Amino acid sequence: MNMRFEPASELSGELSAPADKSISHRAALLGAMASEPVRIERYLRAADTNATLDAVRALGALVEEHGEDLIVRGSGLRDAREPDGPIDVGNAGTLLRLLPGWLAAQDGRSFTLDGDESIRRRPVDRIAEPLRHMGAQLRARDGRFPPLEVKGARLHGISYELPVASAQVKSCILLAGLAADGATTVGEPARSRDHTERMLLRAGVAIHRNGLHVTVVNADELLLDRVTVPGDPSSAAFLVAAGVLVPRSRLLIRDVGVNWTRTGFLRIVRRMRGIVLGDLEDDTGELAAEEPISDLDVAHGALEGTVVEPDEVPLAIDELPLVALLGCFAEGHTVVRGAQELRVKESDRIAGVVEGLRGLGADIQAADDGFSVRGSGGLRGGTIDARGDHRLAMMGAVAGLASREGVEVIGMEAAAVSYPGFVADLQRLCGT
């Protein structure tokens, strides 16, 4: 589906961000692993998170739907059911990389994970390697792509250093460590999202963080009870970018999750002199159980270019396309380094962002691990191909609102993967 977004004279209004996709995935998975029913309030209903519900049903969990809320009655930490056929993860990369951690501990049972054409291009070798070290057997197409076969075993704890910071790979290992003999420690070169650690702490698991290392020990059961999903800061980021870029705009975005490991983009916007007010969580170095929330007050203003260094990338990985977009309107140069992980997202996002924005009039250059943008006062407009990637689709829509001539987005339906109501929310803010 193609959709055109005309230049907006201003954006104004108040709305709530959609429920957090990362937390929704994890809540459903931990609910399926728990010993008692788990109530999930404000679960995100989107293509990716619906795939997670279908997956846990296939593994023996019961899912009751009550409007925006769910009750998941799980099969327990070590008692996932072996399904009759492959588990379809659709296009959900989080599900593809987290679920094998639980399945690897199902001694004597076998599982196959598969998905759509896009997911079959996403590597799984970075989760397969540590799970093999723990004692599981895994087999992937060409050694690194789905379909992924997992044969569960009695696992043993390991100490593992991630070559690249990744919340998904870290979470996979920690979930496997719950049923492994001994302690399991995961080290990262830089901090990444910590939703899994917070949720495990709430579920009564013995887990602690020491600098860039997280350790979990064998657990008898998970007792989670209730999870309330906050607004997704990655989805809210597109509204923030629109509010910052479109002249005369003023937005209030309610109930956004402001976990320190998810607000890297907001810190970058503030460094670019963007006007975003909110009570963001500070980094105390301690592992907290709760997910903080805040309203965000956003207004249009002039921007300055900035440099995003490699240690910032894991905390803003999903929003980096928006940093490129902001850079088109900022004074000076904006550079992102150390973001090679963007090459293996739903699409090659470095290529998609650079080619897409260049087609709209941007002065932007690609690097192996990022991009460089020279601010040129904005964008002319034109056509951008979302490449089946929800983040590129939404970036194109925001670019259209802020452009001089408007933007047609090819494949706008991709936005429904994480933000089904995105277009309707933009229309509300435009007053249409």
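Two strands count as paired when DSSP finds at least two bridges between them, and strands themselves are DSSP runs (E, at least two residues) numbered from the N terminus. The model described here is predicted, so local features need pLDDT of at least 70, side-chain atom pairs count only at pLDDT 80 or more, and totals for chains, interfaces and linings use all residues. Residues are numbered from 1 along each chain as its sequence is written, and side-chain values use heavy atoms, leaving out hydrogens and water.

The pairing of β6 with β7 (residues 110-114) is parallel and runs over two bridges; Ile-87 has Leu-113 of β7 as its bridge partner.

Strand β17 (residues 293-299) holds Ser-294. This serine counts as buried because its relative accessibility is 12%, where buried means under 20% relative accessible area with a 1.4 Å probe, protein chains only. A polar atom of the Ser-294 side chain lies 3.0 Å from the backbone nitrogen of Asp-279. Leaving aside residues up to four places away in sequence, Ser-294 touches several residues, including Ile-253, Val-256 and Gly-278 (contact means heavy atoms within 4.5 Å).

Gly-375 sits in the loop between β21 (370-374) and β22 (382-385), and is also buried, at 17% relative accessibility. With residues up to four places away in sequence not counted, Gly-375 touches Gly-327, Cys-328, Ala-330 and Gly-332.

Definitions and conventions
Helices (H or I, at least four residues) and strands (E, at least two) are DSSP runs, numbered from the N terminus. Buried means under 20% relative accessible area, exposed over 50%, partly exposed in between (1.4 Å probe, protein chains only). A polar contact is a pair of N or O atoms within 3.5 Å; within protein, one must be able to donate a hydrogen and the other to accept it, and residues adjacent in sequence count only if both atoms are side-chain atoms.
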